[in-house]
Amino acid sequence: MAESTFRTDDHAFMTRALRLAQGGLRTTDPNPRVGCVLVRSGEVVGEGWHRRTGEPHAEIHALEAAGEAALGATAYVTLEPCAHHGRTPPCAEALARAGVDRVVAAMADPNPQVAGQGLAKLGEAGVEVASGLMEAQAQALNPGFIRRMQTGRPWVRLKMAASLDGRTALASGESQWITGEAARADVHRLRARSSALVTGIGTVLADDPRLTARVEDEVVQPLRVVLDPHLALPPEAALLAQPGRTLVVAAAGDDGEADDGAEAALTAAGAEVIRLPAHGGTIRLGPLLDHLGAEEQVNELLVETGATLAGAFVEAGLWDELVLYQAPHLLGDAARGLFRLPEPASMAERTTLTVVERRLFGDDQRLWIRREKA
């Protein structure tokens with residue numbers, strides 16, 4: 001159904017459902033963020049959102065809140081109701097059983113186990129269905145879930161911080177702090193919505209980061225992933241003492257080296273060690289993304305690293321967004337740059353980017369950037 005055919009109040013109630021869905025921004029992984037509003041005679045009679053995996057979906061929370069008032073109501077859902085038995089029963093069946101007259105979904109579910117079946121089941125049960133209302137806004141809530149369902153890989157977001165002249169650290173490696181407190185607090189919010197954080201062993205050895213999301217609200221700590229081809233990570237590294245999981249990715253095959261007990265020491269310190277294909281002592285990024293999508297169910301991947309690994313993601317075309325925090329100071333041309341990349345042969349071959357948002361955090365500027373896909 002074209003969005004122009006929806007009523008004004010349809011937009012208002014779907015806006016409310018989208019706002020509710022944001023309540024699960026930091027807690028629903030690997031499930032999508034979904035909100036639901038039940039309306040009868042122009043009044044909201046129940047609403048809810050999906051809070052975390054294994055718990056009731058948004059539609060069930062809304063139905064429980066509405067009780068008998070769900071009979072004859074319209075349900076506004078940001079994602080097509082599920083039609084399969086997973087950890088929870090099918091929401092499409094629950095809505096039909098409650099006597100809902102109409103279901104308006106913002107978008108179809110990209111999960112092959114659903115993929116239109118939820119709306120089809122509702123239609124077969126005599127429920128009026130419509131889909132596509134505010135679809136772009138719904139998609140923006142779940143870029144990683146959509147990507148993983150469609151390709152098996154996560155949505156890749158690079159996070160970088162630089163001076164006004166595009167430098168990330170002094171030549172010595174000193175980098176604390178490029179940006180101010182307000183920008184650094186925003187980074188923690190960015191981590192909190194991410195399924196996993198990826199960094200390289202060089203960054204860990206230089207900075208000894210914790211790689212946690214330190215926010216006031218409830219958060220499921222993202223999986224920490226360290227690309228460490230030859231298992232150089234010290235067992236006493238700060239990130240191994242943090243809540244949540246740490247995955248250390250070592251090189252497999254000829255690129256691997258005898259670890260002299262390093263794997264056992266890291267495992268004893270709480271790390272999980274896996275081996276993936278490498279080339280020239282560098283973990284191959286394609287197999288990494290395949291593993292994180294299929295085995296770890298990572299929806300949104302945040303890459304926090306130095307110029308070499310960041311450049312590798314860009315050069316391979318394996319990224320979707322860049323979040324760049326830019327501070328109003330200069331570090332000079334000897335300082336370290338943002339990306340290690342080959343120079344294009346001409347200006348026509350340069351990498352073209354699109355800035356989709358600019359926002360100030362104190363004196364620092366945050367640029368939200370997307371690449372132009374071929």
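# A tour from the pocket inwards

Elements β6 (155–163), β7 (167–169), α7 (181–192), β8 (196–200), α8 (201–207), β13 (282–283), α11 (307–316) and β16 (336–337) each give the largest pocket at least two lining residues. Helices (H or I, at least four residues) and strands (E, at least two) are DSSP runs, numbered from the N terminus. This is a predicted model, in which local features need pLDDT of at least 70, side-chain atom pairs count only at pLDDT 80 or more, and totals for chains, interfaces and linings use all residues. Residues are numbered from 1 along each chain as its sequence is written, and side-chain values use heavy atoms, with hydrogens and water left out.

**Stop 1: the pocket.** Stay with the largest pocket. Its volume is about 1,300 Å³. Select Thr203, Asp207, Glu304, Thr305 and Gly306, the closest to its centre among the 45 lining residues. On a 1 Å grid over the protein atoms alone, a pocket is an open set with protein on both sides within 12 Å along at least five of seven lines; a cavity is a set of points where a 1.4 Å probe fits but cannot get out; lining residues have an atom within 4 Å of a point. Grid points are joined across faces, edges and corners, and a volume is the space filled by probe spheres set on the points.

**Stop 2: the cavity.** The structure holds 1 cavity of 30 Å³ or more. The largest cavity has a volume of about 40 Å³.

Stop 3: Show the open sheet of 5 strands, ordered β2-β1-β3-β4-β5 with mixed pairing. β2 (43–49) and β5 are the edge strands, each with a single partner, so one side of each has no neighbour in the sheet. From one strand to the next, the twist averages 15°. Two strands pair if DSSP finds at least two bridges between them.

Now select β1 (residues 35–40). It pairs with β2 in the antiparallel sense over 6 bridges. Glycine 35 faces tryptophan 49 of β2 across that pairing. The two strands form a hairpin with 2 residues between them, and serine 41 in the turn has a positive phi of about 55°. β1 also pairs with β3, antiparallel, over 4 bridges. There, valine 37 stands opposite tyrosine 76. Of the 6 residues of β1, 5 are buried, so the strand is largely enclosed by the rest of the structure. Buried means under 20% relative accessible area, exposed over 50%, partly exposed in between (1.4 Å probe, protein chains only).

Stop 4: Axes are lines fitted to C-alpha atoms, for helices over the stretch in contact (heavy atoms within 4.5 Å), and angles run from 0 to 180 degrees between N-to-C directions.

**Stop 5: helix α4.** Select Gly118, Leu119 and Leu122, the buried residues of α4 (residues 117–124). They span an arc of only 95° around the axis, which puts them on the same side of α4. The arc is that of the directions from the helix axis to the C-beta atoms. Their cover includes α3 (91–97), β4 (102–105) and β5 (128–131). Glycine 126 follows α4, with a positive phi near 90°.
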